Amino acid sequence: MKGMTEKVKQKVYGEFSQRVNMTPSQLTRWLKTQASRSVGYKSKGGGESTGHASGRRIVTIRRKSKKRLTVSDYRHMKKVIGYIKRHRAQRPKGPVKESPWRYSLMNWGHDPLKRSSARRRRAGRHK
């Protein structure tokens with residue numbers, strides 16, 4: 001893949017897989033909701049927000065086999081990773097369950113209230 005070594009692709013794929021914690025079917029259902037369409041940056045013409053469009057692209061990427069991913073897919077995966085990192089650092093005070101902050105992250109495939117599989121495994125060890 002031009003401009004991206006195998007090592008870099010592996011790192012991007014791993015981090016993307018870790019940070020995008022919604023399944024394609026969960027994300028597809030979410031993107032159909034009014035709450036999903038209510039958040040995010042929209043161009044002057046209105047329409048679909050950047051995050052909502054990204055969510056649709058994430059579903060496509062997650063449904064592809066790893067060997068069919070393109071340079072463009074890897075670039076988008078890096079964009080998603082960066083967005084999730086930056087946005088999680090801006091967590092507001094107080095409840096977030098029905099917040100624009102959470103809804104925006106969910107458009108990018110990350111539900112901050114969903115426990116990761118690694119956290120579930122660790123929690124299961126201490127029972």
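Guide: Start at the glycine that comes after α6: glycine 109 has a positive phi, near 90°. Keep in mind that this is a predicted model. Now step back into α6 itself, which is mostly covered, with 7 of its 8 residues buried. Those buried residues are Trp101, Arg102, Tyr103, Ser104, Leu105, Met106 and Asn107. What covers them includes α2, α3 (34–37), α4 and α5.

Take the α2 side of that cover. The model holds 2 aromatic pairs, and one of them joins tryptophan 30 to tyrosine 103, with ring centres 5.2 Å apart. The planes of tryptophan 30 and tyrosine 103 are at 50°, so the pair counts as tilted. It's a link between distant parts of the chain: tryptophan 30 belongs to helix α2 and tyrosine 103 to helix α6, 73 residues apart. Tryptophan 30 has 11% relative accessibility and so counts as buried; tyrosine 103 is buried too, at 16%.

The other pair brings us back to the end of α6. Tyrosine 83 and tryptophan 108 are stacked, 4.3 Å centre to centre with 15° between the planes. Tyrosine 83 is in helix α5 while tryptophan 108 is in the loop between α6 and α7 (117–125), so this pair ties together parts 25 residues apart in sequence. Both tyrosine 83 and tryptophan 108 are buried.

Isoleucine 81 and tryptophan 108 are 27 residues apart in sequence, yet their C-alpha atoms are 9.1 Å apart. With a relative accessibility of 6%, isoleucine 81 counts as buried. Skip its neighbours within four places in sequence, and isoleucine 81 is in contact with Val12, Glu15, Phe16 and Arg19.

Now for α4. This helix has 14 residues and reaches 20 Å from first C-alpha to last, close to the 20 Å expected at 1.5 Å a residue. Its buried residues are Gly51, His52, Ser54, Gly55, Ile58, Val59 and Ile61, and they pack against α1, α2, α3, α5 and α6.

On the α5 side, have a look at histidine 76, which is placed in that helix. Histidine 76 is buried, with a relative accessible area of 10%. Not counting residues up to four places away in sequence, histidine 76 touches Ser54, Arg57, Ile58 and Ile61.

One last stop, if you like charges and rings: the charged end of lysine 66 sits over the ring of tyrosine 13, 4.4 Å from its centre.

Conventions:
Residues numbered from 1 in each chain as written. Predicted model: local features only at pLDDT ≥ 70, side-chain atom pairs only at ≥ 80, totals over all residues. Heavy atoms only, no water. Buried < 20%, exposed > 50% of the residue type's maximum accessible area, 1.4 Å probe, protein only. Contact = heavy atoms within 4.5 Å. Helix = DSSP H or I, 4+ residues; strand = E, 2+ residues; numbered from the N terminus. Expected span 1.5 Å × (residues − 1). Phe/Tyr/Trp six-rings, centres within 6.5 Å; stacked < 30°, edge-to-face > 60°. Lys NZ or Arg CZ within 6 Å of the ring centre and 35° of its normal.
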